[in-house]
Amino acid sequence: MRIVVIGGTGHIGTYLIPRLVRLGHTVVNVSRGSRAPYQPHAAWNQVQQIALDREQEEAAGRFGERIRELRPDVVIDLICFQENSARQLVEALQGAVRHYLFCGTIWVHGPGVEVPTGEEEPRRPFGEYGVRKAAIEAYLLDMARRHGFPATVLHPGHIVGPGWVPLNPQGNFNPEVFARLARGESVLIPNFGLETVHHVHADDVAQAFVRAMANWSASIGESFHVVSPAALTLRGYAEQVASWFGREARLEFVPWETFKSAVSPRDAEATWEHIARSPSCSIAKAERLLGYRPRYRSLEAVHESVRWLLDHGVIKI
């Protein structure tokens with residue numbers, strides 16, 4: 001099939017596009033610039049690259065038509081963040097594509113009630129990112145179920161892979177947290193460290209997109225969580241990271257206000273965004289309908305990423 005990937009050089013596309021090429025598909029990557037993927041792969045030599053500024057084209061009302069002109073059988077949209085963006089694509093692609101796959105986020109859920117959270121749970125998002133992704137999801141599923149548009153929604157967790165800093169045991173992206181745990185130094189943890197984070201390796205997200213395509217009839221009009229088999233508590237996460245370096249984690253549990261005043265505003269904001277949601281999502285639906293089988297558990301995915309950071313001098317111990 002001819003597959004157009006929008007935004008294919010990021011975390012997910014780094015693994016997804018080589019998978020698609022290996023399966024024999026003709027792949028077109030649409031992106032604004034010419035950045036390289038996070039990991040090199042010979043498959044990229046077979047990919048047609050189209051430079052297109054989505055924001056500019058949407059402002060001119062042309063983006064959907066530009067994608068349609070590429071004659072895709074399948075469109076995989078990894079960088080859609082506004083409902084109007086989705087509407088413009090759907091209106092242009094209605095009746096012209098076999099499948100449209102949208103990358104959402106587990107942040108379409110607010111705080112959980114029964115965990116692990118299933119896809120059927122009512123949406124209670126908060127914050128601009130989650131609210132906007134939830135609105136796109138609602139629109140796409142309505143278009144699929146009432147108007148026959150062949151849409152599937154995939155909701156990744158905290159995406160991990162070699163080449164970037166993973167979400168750490170404080171719930172932010174400061175690599176020094178990993179370094180302090182590796183050196184046996186004390187690390188602040190908000191509250192009692194029982195809030196949760198839910199990672200997923202980028203290659204497992206890529207796997208889910210491929211499986212959703214392969215199980216077309218089961219995936220149309222549905223949304224799926226794409227995460228590792230289990231979430232991590234901040235405390236357990238920190239203890240395991242320290243153990244990788246032969247250390248016992250020295251954790252200092254402090255009230256939120258104390259934590260907030262002790263770290264940078266950027267780190268405090270990121271931590272709050274994650275612990276306020278404390279995601280723990282079920283993959284039972286994706287396992288049952290798509291045959292999704294994540295290769296990595298959360299700690300395995302993070303360990304691979306941390307090794308890359310050590311090898312490249314981002315973490316110094």
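Reader: Which residues of helix α4 (residues 83–93) are buried?

Author: Bearing in mind that this is a predicted model, a residue is called buried when its relative accessible area is under 20%. By that criterion S85, A86, Q88, L89, V90, A92 and L93 are the buried residues of α4.

Reader: What do the buried residues of α4 pack against?

Author: Their surroundings include strands β1 (2–6), β4 (74–77) and β5 (99–103), and the helices α2 (54–59), α3 (63–68) and α5 (128–147) also pack against them. After α4 comes G95, which has a positive phi, near 80°.

Reader: How many residues has α5, and what does it reach from its first C-alpha to its last?

Author: Helix α5 has 20 residues and reaches 27 Å between those two atoms, close to the 28 Å expected at 1.5 Å a residue. Among its buried residues are K133, E137, Y139 and M143, and the cover over the buried residues of α5 includes α4, β5, β6 (151–156) and β11 (223–226). Just after this helix, G148 takes a positive phi of about 75°.

Reader: What is the order of the strands in the open sheet?

Author: In general, the strands of a sheet pair through backbone hydrogen bonds, either parallel or antiparallel. Here seven strands form an open sheet with parallel pairing, in the order β3-β2-β1-β4-β5-β6-β11. Because β3 (48–51) and β11 stand at the edges with a single partner strand each, one side of each is left without a neighbour in the sheet. From one strand to the next, the twist averages 20°.

Reader: Which residue of β3 stands opposite V30?

Author: That residue is I50; strand β2 (residues 26–31) pairs with β3 in the parallel sense, over four bridges.

How values were computed
Residues numbered from 1 in each chain as written. Predicted model: local features only at pLDDT ≥ 70, side-chain atom pairs only at ≥ 80, totals over all residues. Heavy atoms only, no water. Buried < 20%, exposed > 50% of the residue type's maximum accessible area, 1.4 Å probe, protein only. Contact = heavy atoms within 4.5 Å. Expected span 1.5 Å × (residues − 1). Pairing = 2+ DSSP bridges. Axes fitted to C-alpha atoms, helices over the stretch in contact; angles between N-to-C directions.
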